[in-house]
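I opened my notebook to look up one residue and its surroundings. My entries follow in the order I made them.

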Amino acid sequence: MKRPFILLAAVVIAALLLITALRWRSAEERGAAAVDEDAAKLRVRTFWAAYNHANELRSQGKFREAAIAYRQSLELNPQHEDSLYYLGTSHYELGEYSEAAATLRKMLELNPQSARAWSQLGNTLSVLAPGAPADFEEARRAYQHNVEINREQSGPFLRLGLLDLNQGH
């Protein structure tokens, strides 16, 4: 009788130890998950603060400062299309046409169906300014992509006409 009692007590003690260990591990995992969740929330808040600050600077015509803030937002979310687009247009406004084109191409890698990115790429590649890339054929292809995406938008058609005019056609 003594032996089954000792065996039963050992099983109960082992079960209690197992339950305690599982609870401790579960609490530790919940704590780690809470830390991860807090870090993710902070990252999102920091992203939107940087993005909104960049928009404010851009709307004030402070394109250099806006570009810096858009880069900060892109460090937190490298695939944010609006940040890429407005970084590209900020470069354009600063006369940094090669940087603008590179940024817009990066956006088009993420979303090849972005009519506004195709349009702005066409604008950037067809601008007649010192230091501009002036790649009229690529600009034409960019405007044509825009037309394929949205035939109801008149801007790309007008830009194609202006492109022909600037090329003497």
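**Entry 1: Gln120.** I began with Gln120, which is buried at a relative accessible area of 9%. Buried means under 20% relative accessible area, exposed over 50%, and partly exposed in between, with a 1.4 Å probe and protein chains only. The model is predicted, so I noted its limits: local features need pLDDT of at least 70, side-chain atom pairs count only at pLDDT 80 or more, and totals for chains, interfaces and linings use all residues. Residues are numbered from 1 along each chain as its sequence is written, and side-chain values use heavy atoms, with hydrogens and water left out.

I then asked which residues Gln120 touches, not counting residues up to four places away in sequence. I found Tyr85, Thr89, Tyr92 and Leu104. Contact means heavy atoms within 4.5 Å.

**Entry 2: helix α5.** I placed Gln120 in helix α5, residues 115-126. Helices are DSSP runs (H or I, at least four residues), numbered from the N terminus. α5 has 12 residues and reaches 17 Å from its first C-alpha to its last, close to the 16 Å expected at 1.5 Å a residue. The expected span is 1.5 Å times one less than the number of residues.

How many residues of α5 are buried? I read 11 of its 12, so α5 is mostly covered. The cover over these buried residues includes α3, α4, α6 and α7.

**Entry 3: α5 against α6.** I looked at α6 next. α6 has 14 residues and reaches 20 Å from its first C-alpha to its last, close to the 20 Å expected. α5 and α6 pack at about 160°, with axes 8 Å apart. That makes α5 roughly antiparallel to α6. Axes are lines fitted to C-alpha atoms, for helices over the stretch in contact, and angles run from 0 to 180 degrees between N-to-C directions. Over 145 degrees counts as roughly antiparallel.

Among the α5 residues that meet α6 I listed Trp118, Leu121 and Leu125. On the α6 side I listed residues including Phe136, Ala142 and Ile149.

**Entry 4: Leu121 and the core.** I checked the largest nonpolar core, which has 27 residues. A nonpolar core is a set of buried Ala, Val, Leu, Ile, Met, Phe, Trp, Tyr and Cys residues joined through side-chain atoms within 4.5 Å. Tyr70 and Leu121 touch the most other members. Elements giving two or more residues to this core include α1 (2-59), α2 (63-76) and α5.

Beyond four places in sequence, Leu121 touches Ala101, Leu104, Arg105, Leu108, Glu138 and Ala142.

Notes
Angles under 35 degrees count as roughly parallel, over 145 as roughly antiparallel, 65 to 115 as roughly perpendicular and the rest as oblique.
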